[in-house]
Amino acid sequence: MEPWPDLWRSRLGQRVVVRRRLPDGSATDVVGPLVAVDKVSLTVAGSAGTVTIPLADVVVGKVVPPRPARKAPPHRALTVADLERVMALHWRAPVAEPLGSWLLRSAEGFTHRANSVLAAGLPGLDLDDAVRRVGAWYSGRGRPALAGVPRPESDAADAAELVAVAVAFAAAGWRVIPQRGAFVLTAATAALATARADAPADLRVRLDPEPDAGWLALYHYRGERLPPIATTLLLSAPEQVFVSVVDGDRTVAVGRGSLGAGWSGITAVEVDIGYRRRGLARLVLARTARWAAQRGARSMFVQVGETNDAAVRLYESAGFTRHHRYDYLTPDAGQGRAPRTR
């Protein structure tokens, strides 16, 4: 990776490894979150403390995934909280503020993901106080209070911490919004990339850095037309690609691939109703995985709504396995009604 400031700025907040040249001509590696970049240096929070490295001394560097929590294939090795933080980089709200290790987010109400606090793991401050501050933050902005709370499998390395967070929200009167949770599934990118990815003879596949009018017209989040803020979120990952399957001038299938923190993600897969059962969703998945593998991503995630049984079957048949699930909680869910956030 070239030591250019703009390139490094696009990786802020991600875990990196940087090889730096020392005065005696040797080199050493610094690993940790990239916390600052300016015109002449970058700063990494390494294991031995924060290190500022002149760009002139950078030999090479790259983004790497979070540290594995257990011996397992890379797509199964992260804690639930670490994977949630990875996924947050792929769908970044324009308004975001840390609350300890939690992340408060707001994006004009479009998607729960971008308009909820990511309560992944212990926040590093009193739990009851953290829950109160979440409510106050959203109230101060005139937005519904929402919390994304992961639900671990019993063998998750951070299961006890995640359960404590859920208990704290429940004790404060927050309740799960029915049918708004999601499953997180993961897979090895290389296996997905080797699946057959040839388009039917009458169709062609296009990969673009931004969504065009045809892509945006086909993608409907929860069946709704997209508001202007949607494009901001679609372009919010460190890198993304927009896959379109076209029939002449008509876009008939779409998907979005993203890269961040050494992981790839796939979202926004949609197939025109007249072109379903032709393998186009699998085609979009394979082309997205191929794009991600070419960029060095070893693992891929997908988030699937808990009521979307057909999508769960599709991704599991392609090689994904369930990592965990998450729910959305609100203090206004007593009657089982979700706030107006889409």
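# A tour from threonine 251

Select threonine 251 first: beyond the residues up to four places away in sequence, threonine 251 touches Gly214, Trp215, Leu218, Ser244, Val245 and Val246, where contact means heavy atoms within 4.5 Å. This is a predicted model, in which local features need pLDDT of at least 70 and side-chain atom pairs count only at pLDDT 80 or more, while totals for chains, interfaces and linings use all residues. Residues are numbered from 1 along each chain as its sequence is written, and side-chain values use heavy atoms, with hydrogens and water left out.

Threonine 251 sits in strand β14, residues 250-260. Helices (H or I, at least four residues) and strands (E, at least two) are DSSP runs, numbered from the N terminus. Is threonine 251 buried or exposed? Threonine 251 counts as buried because its relative accessible area is 13%; buried means under 20% relative accessible area, exposed over 50%, and partly exposed in between, with a 1.4 Å probe and protein chains only.

β13 and β14 pair in the antiparallel sense over nine bridges; two strands pair if DSSP finds at least two bridges between them.

How many bridges join β14 to β15? There are seven, and the two strands run antiparallel. Alanine 253 has valine 271 in β15 as its bridge partner. This hairpin also has two residues between the strands, and alanine 261 takes a positive phi near 55° there.

Arginine 276 is partly exposed, because its relative accessible area is 46%. Draw a distance from arginine 276 to valine 252: the C-alpha atoms are 9.1 Å apart in space, while the residues are 24 apart in sequence.

Arginine 277 lies in the loop between β15 and α8. Its relative accessible area is 88%, so arginine 277 is exposed. Phi of arginine 277 is near 65°, a positive value in a residue other than glycine. Most residues other than glycine have a negative phi.

## Another loop with a positive phi

Where is glutamine 179? Select the loop between β10 (175-176) and β11 (182-188) to find glutamine 179. Glutamine 179 is not a glycine, yet has a positive phi of about 60°. With 60% relative accessibility, glutamine 179 counts as exposed.

## Strands β3 and β4

Select residues 41-46, strand β3, together with residues 49-54, strand β4: the two pair in the antiparallel sense over six bridges. Valine 44 stands opposite valine 51 in β4. A hairpin joins β3 to β4 through two residues.

Continue into the loop between β4 and β5 (58-63), where leucine 55 is placed. Leucine 55 counts as buried because its relative accessibility is 8%. For another distance, pick glutamate 84: its C-alpha atom is separated from that of leucine 55 by 31 Å, with the two residues 29 apart along the chain.

## The whole chain

Finally, clear the selection and show the whole chain. The chain has nine helices and 17 strands. Its C-alpha atoms fill a box of roughly 65 × 55 × 40 Å, taken along the principal axes. With 342 residues, a compact globule would have a radius of gyration near 20 Å, and the 21 Å of the chain agrees with this. The radius of gyration is taken over C-alpha atoms, and the globule rule is 2.2 Å times the number of residues to the power 0.38.

Colour by burial: buried residues make up 49% of the 342 residues in the chain. Among the contacts with a separation of 6 or more, 67% come from residues 24 or more positions apart. The accessible surface of the chain comes to about 15900 Å², with 50% belonging to carbon and sulfur atoms; such areas come from the Shrake-Rupley method with a 1.4 Å probe, and for residues only the protein chains shown count as cover.
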